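The sequence and structure are shown first.

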Amino acid sequence: MRKKIVVGNWKMNKTVAEGRELASAIIEQLGEDVIDCEVGIAPAYPVLGEVGKVIENGDVRLVAQNCHYEDDGAYTGEVSTRMLDSLGCSYIIVGHSERRQYFGETNRTVNLRLKKALAEGMQVIMCIGETLEEREGGITESIVTSQVREGLADIDDLSGVVLAYEPVWAIGTGKTATPEQADAVHASIRATIRDMYGEAAAKELRIQYGGSVKPSNAVELFSMPNIDGGLIGGASLKADDFVAIVRAAG
Ligand code: PEP
(Lines give C-alpha, C1' and ligand atoms only; values in the text may rest on other atoms or scores of the structure.)
Protein backbone atom coordinates (compact mmCIF):
# COMPACT_ATOMS: atom_id res chain seq x y z
CA MET A 1 0.00 0.00 0.00
CA ARG A 2 1.54 3.32 -1.04
CA LYS A 3 1.57 6.07 1.59
CA LYS A 4 0.18 9.27 0.12
CA ILE A 5 2.37 12.36 0.04
CA VAL A 6 1.17 15.97 0.00
CA VAL A 7 3.71 18.78 -0.47
CA GLY A 8 3.07 22.52 -0.49
CA ASN A 9 5.18 24.37 -3.06
CA TRP A 10 5.32 27.96 -1.88
CA LYS A 11 7.17 29.06 -5.03
CA MET A 12 8.49 32.67 -4.81
CA ASN A 13 6.11 33.62 -1.99
CA LYS A 14 6.56 34.41 1.71
CA THR A 15 9.34 36.28 3.46
CA VAL A 16 11.16 34.67 6.38
CA ALA A 17 8.68 36.08 8.92
CA GLU A 18 5.68 35.14 6.78
CA GLY A 19 7.08 31.68 6.20
CA ARG A 20 7.60 31.14 9.91
CA GLU A 21 4.02 32.22 10.55
CA LEU A 22 2.56 29.95 7.85
CA ALA A 23 4.61 26.93 8.95
CA SER A 24 3.60 27.49 12.59
CA ALA A 25 -0.08 27.69 11.61
CA ILE A 26 0.22 24.45 9.60
CA ILE A 27 1.88 22.65 12.52
CA GLU A 28 -0.73 23.97 14.92
CA GLN A 29 -3.63 22.90 12.73
CA LEU A 30 -2.19 19.46 12.12
CA GLY A 31 -1.98 19.15 15.88
CA GLU A 32 -1.47 15.74 17.41
CA ASP A 33 -3.77 13.98 14.97
CA VAL A 34 -2.37 10.87 13.40
CA ILE A 35 -2.48 11.47 9.67
CA ASP A 36 -1.71 8.61 7.35
CA CYS A 37 0.03 10.78 4.80
CA GLU A 38 3.55 12.13 4.37
CA VAL A 39 3.52 15.95 4.47
CA GLY A 40 6.12 18.41 3.21
CA ILE A 41 6.51 22.14 2.67
CA ALA A 42 8.78 23.76 0.11
CA PRO A 43 9.62 27.38 0.92
CA ALA A 44 11.98 29.47 -1.22
CA TYR A 45 15.72 29.01 -0.48
CA PRO A 46 16.19 31.97 1.90
CA VAL A 47 13.23 30.84 3.98
CA LEU A 48 14.23 27.17 4.32
CA GLY A 49 16.40 27.61 7.41
CA GLU A 50 13.81 29.36 9.56
CA VAL A 51 10.94 27.16 8.42
CA GLY A 52 13.19 24.19 9.15
CA LYS A 53 13.46 25.36 12.76
CA VAL A 54 9.68 25.65 13.07
CA ILE A 55 9.07 22.10 11.85
CA GLU A 56 12.19 20.38 13.19
CA ASN A 57 10.51 18.41 15.97
CA GLY A 58 7.56 17.18 13.93
CA ASP A 59 6.86 14.91 11.00
CA VAL A 60 6.53 17.60 8.36
CA ARG A 61 9.35 17.36 5.81
CA LEU A 62 11.41 20.29 4.61
CA VAL A 63 11.48 20.34 0.81
CA ALA A 64 13.60 22.44 -1.58
CA GLN A 65 12.20 23.73 -4.87
CA ASN A 66 15.30 22.91 -6.92
CA CYS A 67 19.03 22.19 -6.67
CA HIS A 68 22.13 22.38 -8.83
CA TYR A 69 23.92 19.33 -10.16
CA GLU A 70 27.50 20.25 -9.28
CA ASP A 71 28.99 19.93 -5.79
CA ASP A 72 30.12 23.56 -5.62
CA GLY A 73 31.92 26.17 -7.70
CA ALA A 74 31.31 29.16 -9.92
CA TYR A 75 27.53 28.90 -10.42
CA THR A 76 26.23 32.27 -9.28
CA GLY A 77 22.69 32.11 -7.98
CA GLU A 78 22.62 28.33 -7.67
CA VAL A 79 22.31 26.13 -4.59
CA SER A 80 23.94 22.73 -4.03
CA THR A 81 22.41 19.57 -2.63
CA ARG A 82 24.92 19.64 0.24
CA MET A 83 23.73 23.11 1.24
CA LEU A 84 20.13 21.89 1.17
CA ASP A 85 21.04 18.80 3.15
CA SER A 86 22.75 20.99 5.75
CA LEU A 87 19.51 22.94 6.16
CA GLY A 88 17.59 19.75 6.91
CA CYS A 89 15.86 19.26 3.57
CA SER A 90 14.83 15.69 2.94
CA TYR A 91 13.22 16.15 -0.48
CA ILE A 92 14.11 18.24 -3.52
CA ILE A 93 11.65 19.09 -6.30
CA VAL A 94 13.21 18.90 -9.77
CA GLY A 95 11.77 19.72 -13.17
CA HIS A 96 8.86 21.89 -12.09
CA SER A 97 7.15 23.20 -15.23
CA GLU A 98 7.96 26.79 -14.22
CA ARG A 99 11.67 25.81 -14.24
CA ARG A 100 11.24 24.18 -17.63
CA GLN A 101 9.21 27.09 -19.02
CA TYR A 102 11.09 30.13 -17.67
CA PHE A 103 14.58 28.87 -16.83
CA GLY A 104 15.45 26.56 -19.69
CA GLU A 105 15.30 23.25 -17.83
CA THR A 106 15.32 20.23 -20.11
CA ASN A 107 14.86 16.54 -19.41
CA ARG A 108 18.65 16.29 -19.44
CA THR A 109 19.25 18.97 -16.79
CA VAL A 110 16.37 17.59 -14.73
CA ASN A 111 18.06 14.18 -14.87
CA LEU A 112 21.40 15.69 -13.75
CA ARG A 113 19.75 17.40 -10.78
CA LEU A 114 17.83 14.28 -9.85
CA LYS A 115 20.97 12.14 -9.93
CA LYS A 116 22.85 14.63 -7.77
CA ALA A 117 20.07 14.79 -5.17
CA LEU A 118 19.84 11.01 -4.95
CA ALA A 119 23.63 10.70 -4.71
CA GLU A 120 23.48 13.10 -1.75
CA GLY A 121 21.05 10.70 -0.06
CA MET A 122 18.05 12.96 -0.52
CA GLN A 123 14.68 12.12 -1.99
CA VAL A 124 13.38 13.67 -5.16
CA ILE A 125 10.02 14.79 -6.51
CA MET A 126 10.34 14.91 -10.29
CA CYS A 127 7.62 16.94 -12.03
CA ILE A 128 6.32 16.04 -15.46
CA GLY A 129 3.34 17.19 -17.48
CA GLU A 130 2.11 18.38 -20.85
CA THR A 131 1.17 21.86 -22.05
CA LEU A 132 -2.31 22.70 -23.34
CA GLU A 133 -1.00 22.67 -26.90
CA GLU A 134 0.45 19.20 -26.40
CA ARG A 135 -2.79 17.90 -24.87
CA GLU A 136 -4.84 19.36 -27.70
CA GLY A 137 -2.38 17.87 -30.18
CA GLY A 138 -3.02 14.40 -28.70
CA ILE A 139 0.58 13.89 -27.59
CA THR A 140 0.16 13.96 -23.79
CA GLU A 141 1.24 10.36 -23.36
CA SER A 142 4.32 10.58 -25.56
CA ILE A 143 5.47 13.84 -23.89
CA VAL A 144 5.03 12.45 -20.39
CA THR A 145 6.66 9.14 -21.33
CA SER A 146 9.76 10.86 -22.66
CA GLN A 147 9.93 13.11 -19.57
CA VAL A 148 9.85 9.98 -17.40
CA ARG A 149 12.35 7.99 -19.47
CA GLU A 150 14.83 10.84 -19.94
CA GLY A 151 14.41 12.25 -16.44
CA LEU A 152 15.13 8.85 -14.91
CA ALA A 153 18.01 7.96 -17.24
CA ASP A 154 20.79 6.01 -15.44
CA ILE A 155 18.65 5.50 -12.33
CA ASP A 156 18.46 1.86 -11.22
CA ASP A 157 16.71 2.27 -7.90
CA LEU A 158 13.47 4.24 -7.60
CA SER A 159 13.18 4.07 -3.83
CA GLY A 160 14.13 7.75 -3.41
CA VAL A 161 11.90 9.00 -6.20
CA VAL A 162 8.36 10.41 -6.26
CA LEU A 163 6.82 11.63 -9.51
CA ALA A 164 4.43 14.58 -9.72
CA TYR A 165 2.15 14.68 -12.75
CA GLU A 166 1.29 18.34 -13.26
CA PRO A 167 -0.50 19.22 -16.48
CA VAL A 168 0.89 22.67 -17.25
CA TRP A 169 -2.54 23.96 -18.30
CA ALA A 170 -3.86 23.22 -14.81
CA ILE A 171 -1.12 24.94 -12.79
CA GLY A 172 -2.27 28.14 -11.18
CA THR A 173 -5.10 28.47 -13.70
CA GLY A 174 -8.00 27.22 -11.59
CA LYS A 175 -8.50 24.49 -14.22
CA THR A 176 -8.11 21.03 -12.77
CA ALA A 177 -7.79 17.81 -14.70
CA THR A 178 -10.85 15.71 -13.89
CA PRO A 179 -10.00 12.81 -11.56
CA GLU A 180 -10.51 10.45 -14.52
CA GLN A 181 -8.25 12.50 -16.84
CA ALA A 182 -5.52 12.65 -14.21
CA ASP A 183 -5.81 8.99 -13.28
CA ALA A 184 -5.54 7.94 -16.93
CA VAL A 185 -2.19 9.75 -17.26
CA HIS A 186 -1.01 8.38 -13.91
CA ALA A 187 -1.87 4.87 -15.12
CA SER A 188 0.15 5.41 -18.29
CA ILE A 189 3.10 6.71 -16.23
CA ARG A 190 2.87 3.60 -14.06
CA ALA A 191 2.87 1.45 -17.20
CA THR A 192 6.07 3.19 -18.36
CA ILE A 193 7.65 2.52 -14.95
CA ARG A 194 6.54 -1.13 -15.15
CA ASP A 195 8.22 -1.38 -18.52
CA MET A 196 11.45 0.22 -17.23
CA TYR A 197 11.69 -1.23 -13.71
CA GLY A 198 9.22 -4.11 -13.39
CA GLU A 199 5.96 -4.74 -11.59
CA ALA A 200 7.12 -4.30 -7.99
CA ALA A 201 8.67 -0.86 -8.64
CA ALA A 202 5.57 0.25 -10.56
CA LYS A 203 3.33 -0.76 -7.68
CA GLU A 204 5.48 1.04 -5.11
CA LEU A 205 6.17 4.30 -6.94
CA ARG A 206 4.17 7.25 -5.66
CA ILE A 207 2.76 9.62 -8.26
CA GLN A 208 1.35 12.90 -7.00
CA TYR A 209 -1.10 15.02 -8.94
CA GLY A 210 -0.59 18.79 -9.15
CA GLY A 211 -2.66 21.51 -10.78
CA SER A 212 -5.19 23.66 -8.92
CA VAL A 213 -5.80 21.15 -6.15
CA LYS A 214 -8.13 22.70 -3.57
CA PRO A 215 -9.98 21.46 -0.50
CA SER A 216 -13.08 21.11 -2.69
CA ASN A 217 -11.54 18.71 -5.23
CA ALA A 218 -8.84 16.96 -3.21
CA VAL A 219 -10.91 14.04 -1.89
CA GLU A 220 -12.11 13.09 -5.37
CA LEU A 221 -8.63 13.33 -6.89
CA PHE A 222 -6.88 11.46 -4.08
CA SER A 223 -9.41 8.64 -4.16
CA MET A 224 -8.37 7.62 -7.68
CA PRO A 225 -6.39 4.38 -7.75
CA ASN A 226 -3.21 5.78 -9.29
CA ILE A 227 -3.08 9.16 -7.51
CA ASP A 228 -0.90 9.11 -4.41
CA GLY A 229 -1.31 12.62 -3.05
CA GLY A 230 -0.62 16.07 -4.41
CA LEU A 231 1.88 18.82 -5.10
CA ILE A 232 0.03 21.93 -4.09
CA GLY A 233 0.83 25.48 -5.23
CA GLY A 234 -1.64 28.30 -4.55
CA ALA A 235 -3.68 26.46 -1.93
CA SER A 236 -0.55 25.71 0.11
CA LEU A 237 -0.18 29.40 0.95
CA LYS A 238 -3.15 29.27 3.33
CA ALA A 239 -2.78 27.00 6.34
CA ASP A 240 -6.52 26.14 6.45
CA ASP A 241 -6.63 25.08 2.81
CA PHE A 242 -3.35 23.18 2.92
CA VAL A 243 -4.28 21.28 6.07
CA ALA A 244 -7.71 20.46 4.61
CA ILE A 245 -5.97 19.01 1.55
CA VAL A 246 -3.61 16.99 3.77
CA ARG A 247 -6.60 15.62 5.66
CA ALA A 248 -8.24 14.69 2.34
CA ALA A 249 -5.22 12.47 1.67
CA GLY A 250 -4.85 11.04 5.14
C1 PEP B 1 2.42 23.71 -8.64
O2 PEP B 1 2.97 24.72 -9.00
O3 PEP B 1 3.10 22.70 -8.36
C4 PEP B 1 0.97 23.71 -8.58
C5 PEP B 1 0.35 22.56 -8.65
O6 PEP B 1 0.34 24.93 -8.49
P7 PEP B 1 -1.24 25.21 -8.25
O8 PEP B 1 -1.69 24.25 -7.17
O9 PEP B 1 -1.32 26.63 -7.85
O10 PEP B 1 -1.92 24.92 -9.55
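How far is an oxygen atom of the ligand from a polar backbone atom of G172? The distance is 2.7 Å.

## Basis of the model

The model is predicted, with local features requiring pLDDT of at least 70 and side-chain atom pairs pLDDT 80 or more, while totals for chains, interfaces and linings use all residues. Residues are numbered from 1 along each chain as its sequence is written, and side-chain values use heavy atoms, without hydrogens and water.

## Ligand site

Around the ligand are 14 residues (a heavy atom within 4 Å), of which K11, H96, E166, G172 and S212 come nearest. By class, this shell has four nonpolar, eight polar and two charged residues; Ala, Val, Leu, Ile, Met, Phe, Trp, Tyr, Cys and Pro count as nonpolar, Asp, Glu, Lys and Arg as charged, and the others, Gly among them, as polar.

A ligand oxygen lies 2.8 Å from a side-chain N or O atom of H96, and a ligand oxygen lies 2.7 Å from a polar backbone atom of S212. The protein covers 96% of the 290 Å² of accessible area (Shrake-Rupley, 1.4 Å probe) that the ligand has on its own.

## Largest pocket

The largest pocket has a volume of about 470 Å³. A pocket is an open set of points on a 1 Å grid over the protein atoms alone, where a 1.4 Å probe fits, with protein on both sides within 12 Å along at least five of seven lines; lining residues have an atom within 4 Å of a point. Of its 16 lining residues, K11, M12, Q65, R99 and F103 are closest to the centre.

Definitions and conventions. Polar contact = N/O pair within 3.5 Å; in protein donor to acceptor, adjacent residues only side chain to side chain. Points joined across faces, edges and corners; volume = space filled by probe spheres on them.
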